[in-house]
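Look over the sequence and the 3D view below. Then read on for a short report.

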Amino acid sequence: MRIEAVTIFPEFFDVLDISLLGKARENNVIDFKAVNLRDYTHDKHKTVDDSPYGGGAGMLMKPEPWGEALDELLNPDGSTVLIIPSPAGELFKQATAQELAKEEHLVFACGRYEGIDHRVFEWAKDKAKLRLVSLGDYVLNGGEVAALAMIEAIARLIPGVIGNAESLVEESHSEGLLEYPSYTKPAEWRGLEVPEVLRSGNHAEIAKWRKEQSLERTKQVRPDLLD
Ligand code: ADE
């Protein structure tokens with residue numbers, strides 16, 4: 001999969017060199033590049049922002065550098081998914097990650113300041129599969145941290161990124177529930193014991209216990225997932 005993130009802070013994405021995603025990049029399973037939006041400006045100060053028409057606090061990102069960057073990055077056949085991290089977008093869920101993991105090419109457009117001139121979205125909706133996506137109901141300083149979280153959630157679902165693909169099957173949200181609690185050795189630690197059933201070797205009972213625990217935890221913490 002090819003992924004690019006357009007940003008004025010490319011160094012945010014240095015963390016993608018680390019751990020499993022770093023390995024996936026080394027092995028060419030993922031081809032990731034952070035693209036500096038300022039490379040698509042033409043003035044001495046590499047300006048990417050300006051004040052909003054109609055007034056209001058803060059600055060907006062100018063459309064021209066975005067247009068030039070996207071002209072270069074989007075596939076001409078319209079097959080690129082252009083993801084704009086935004087608190088005003090659809091909520092990013094595990095199902096979103098699963099959908100996006102099947103795509104060939106993702107471009108993340110990371111806005112800063114008060115956002116990006118709206119014409120960039122109007123123009124891009126005919127050139128790419130455009131999605132405004134929110135990480136959650138809170139506001140970050142820009143799209144970079146949200147893009148990083150989404151890239152990790154998506155990339156780990158690509159075959160070959162995680163060594164043990166089975167670990168993807170029984171994790172939280174994979175079946176709409178939160179994951180059951182897990183334990184490792186020792187069997188007793190600080191007076192707390194691993195539940196007997198997990199040491200019983202009875203796989204049917206273990207599966208039943210885990211399912212019950214998943215349901216109970218979901219009911220307690222995230223009842224909205226059961227609706
Ligand atoms: N940019 C700022 N806040 C955001 C959020 N909650 N999700 C995605 N992108 C954002």
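## A histidine and an arginine

What distance does the polar contact between the side chains of His-105 and Arg-2 have? The contact that joins these two side chains is 3.2 Å. A polar contact is a pair of N or O atoms within 3.5 Å; within protein, one must be able to donate a hydrogen and the other to accept it, and residues adjacent in sequence count only if both atoms are side-chain atoms.

His-105 is found in strand S6, residues 105-109. Strands (E, at least two residues) and helices (H or I, at least four) are DSSP runs, numbered from the N terminus. His-105 is buried because its relative accessibility is 2%. Here buried means under 20% relative accessible area, exposed means over 50%, and partly exposed is in between (1.4 Å probe, protein chains only).

## About the model

This is a predicted model: local features need pLDDT of at least 70, side-chain atom pairs count only at pLDDT 80 or more, and totals for chains, interfaces and linings use all residues. Residues are numbered from 1 along each chain as its sequence is written, and side-chain values use heavy atoms, with hydrogens and water left out.

## Aromatic pairs

A search of the whole structure turns up two aromatic pairs. Rings of Phe, Tyr and Trp (its six-membered ring) pair if their centres lie within 6.5 Å; planes under 30 degrees apart count as stacked, over 60 as edge-to-face and the rest as tilted. Phe-9 and Phe-12 make an edge-to-face pair, with 6.1 Å from centre to centre and 65° between the planes. Phe-9 has 30% relative accessibility, so Phe-9 counts as partly exposed. Phe-12 is also partly exposed, at 32%.

The other pair is Phe-13 with Phe-32. Their ring centres are 5.7 Å apart and their planes are at 35°, so this pair is tilted. The pair links distant parts of the chain, 19 residues apart. Phe-13 is in the loop between strand S1 (2-7) and helix H1 (19-26), while Phe-32 is in strand S2 (residues 31-36). Is Phe-13 buried or exposed? Phe-13 is buried, because its relative accessibility is 2%. Phe-32 is buried too, at 9%.

## The ligand

The ligand sits in the largest pocket. On a 1 Å grid over the protein atoms alone, a pocket is an open set of points where a 1.4 Å probe fits, with protein on both sides within 12 Å along at least five of seven lines. A molecule sits in a pocket if more than half of its atoms lie within 2 Å of its grid points. Strand S5 (81-91) and strand S7 (129-134) are the elements that give two or more residues to the shell around the ligand. S5 gives the largest share, three residues. Residues around the ligand (a heavy atom within 4 Å) include Pro-85, Val-133 and Ala-146.

For Tyr-138, the distance from a ligand nitrogen is 2.7 Å. For Leu-140, it is 2.9 Å. The protein covers 96% of the 260 Å² of accessible area that the ligand has on its own (Shrake-Rupley method, 1.4 Å probe).

## Two more residues

Arg-131 is found in strand S7. Its relative accessibility is 19%, so Arg-131 counts as buried. The Arg-131 side chain makes a polar contact of 2.7 Å with the side chain of Glu-99.

Gly-56 is in the loop between strand S3 (49-50) and strand S4 (60-61). Gly-56 counts as exposed because its relative accessibility is 61%.

Methods:
On a 1 Å grid over the protein atoms alone, a cavity is a set of points where a 1.4 Å probe fits but cannot get out, and a pocket is an open set with protein on both sides within 12 Å along at least five of seven lines; lining residues have an atom within 4 Å of a point.
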